[in-house]
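Please read this briefing alongside the sequence and the coordinates, moving from the whole chain to single residues.

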Amino acid sequence: MTAQRQERNRIRLGIAWIGLLAFGMAVAVPSPGAQAATTQRVVADRNTGLAIDGFDPVAYFTDHRPRQGQPQFEAASGGAVWRFCNEDNRKFFLARPDIYGPQFGGYDPVAVARSVPLAGNALVWLIVGQRLYLFDRDENRRAFAADPERYLHAARDRWPALLTTLAE
């Protein structure tokens, strides 16, 4: 083997190692969008403790859209910190978190129906039967909207077992 060919092989091997190392780091380091903890009963940002990215859960019902909550209107419930747009929304939530909080702890009900704890996205949502559901992606929201009873039946059946695998 010539010296030139040996040098080329060493360079190729070095490039391969760099590529493998970069791939390993990309897999190991979570993306900014992957900050929600999926080992808790209520999906919350692992750095801030905020549920549903700090959006006001009551605003989905009253304003028919997600609205960012304010730090001066916070409450702790279900192991997470919730933010609200105003004191009234905070009071409504604390009186009935089972109604105003996202169902299945903020996990995507389509994924829950498959026994997978996949965190929902506060911007991909739907209210069905006076309950708030968050979805990981728009495809899941569309599938759920087309046949909510099918997914709710499966999700409700699987949720108790899935809940036992999530931290207290």
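Predicted model: local features only at pLDDT ≥ 70, side-chain atom pairs only at ≥ 80, totals over all residues.

Residues are numbered from 1 along each chain as its sequence is written, and side-chain values use heavy atoms, with hydrogens and water left out. The protein chain holds seven helices and four strands, where helices (H or I, at least four residues) and strands (E, at least two) are DSSP runs numbered from the N terminus.

**Overall make-up and confidence**

- Followed along the sequence, the elements of the protein chain come in the pattern α-α-β-β-α-α-α-β-β-α-α.
- Of the 168 residues in the protein chain, 36% are buried, where buried means under 20% relative accessible area, exposed means over 50%, and partly exposed lies in between (1.4 Å probe, protein chains only).
- Among the contacts in the protein chain with a separation of 6 or more, 52% are between residues 24 or more positions apart, a contact being heavy atoms within 4.5 Å.
- The accessible surface of the protein chain is about 9,900 Å², and carbon and sulfur atoms account for 56% of that surface; such areas come from the Shrake-Rupley method with a 1.4 Å probe, and for residues only the protein chains shown count as cover.
- The mean pLDDT of the protein chain is 84, with 76% of its residues at 70 or more, pLDDT being the predictor's confidence in each residue, from 0 to 100.
- Over residues 19-38 pLDDT stays under 50, and for these residues the model has 19 contacts beyond four places in sequence.

- Strand β1 (residues 70-77) and strand β2 (residues 80-84) run antiparallel and are joined by five bridges; two strands pair if DSSP finds at least two bridges between them.
- Q70 has F84 in β2 as its bridge partner, and A76 stands opposite V81 in β2.
- Two residues lie between the strands of this hairpin, in which G78 takes a positive phi near 65 degrees.
- Four of the five residues of β2 are buried, so that strand is mostly covered.

**Helix α7**

- Helix α7 (residues 148-165) has 18 residues and spans 25 Å from its first C-alpha to its last, close to the 26 Å expected at 1.5 Å a residue; the expected span is 1.5 Å times one less than the number of residues.
- At W159, α7 bends by about 45 degrees, and a proline, P160, follows within four residues; the bend at a residue is the angle between axes fitted to the seven residues ending there and the seven starting there.
- The buried residues of α7 include P148, Y151, L152, A154, A155, W159 and L162, and what covers the buried residues of this helix includes α5 (109-112), β3 (121-128), β4 (131-135) and α6 (138-146).

- W125 is found in strand β3 and, leaving aside residues up to four places away in sequence, touches Y60, H64, R65, P66, L132, Y133, L134, F135 and R141.
- Between W125 and D108 there are 9.4 Å in space, C-alpha to C-alpha, and these two are 17 residues apart in sequence.
- G129 lies in the loop between β3 and β4 and counts as exposed because its relative accessible area is 63%.
- G129 and P148 are 19 residues apart in sequence and 9.6 Å apart in space, C-alpha to C-alpha.
- Q130 is found in the loop between β3 and β4, and counts as exposed because its relative accessibility is 55%.

- Most residues other than glycine have a negative phi.
- Q130 is not a glycine, yet has a positive phi of about 60 degrees.
- S115, also not a glycine, has a positive phi of about 65 degrees; S115 is found in the loop between α5 and β3 and is partly exposed, because its relative accessible area is 39%.

**A buried loop residue**

- A44 lies in the loop between α1 (3-28) and α2 (59-62) and counts as buried because its relative accessible area is 3%.
- A44 and G105 are 61 residues apart in sequence, and in space they are 9.2 Å apart, C-alpha to C-alpha.
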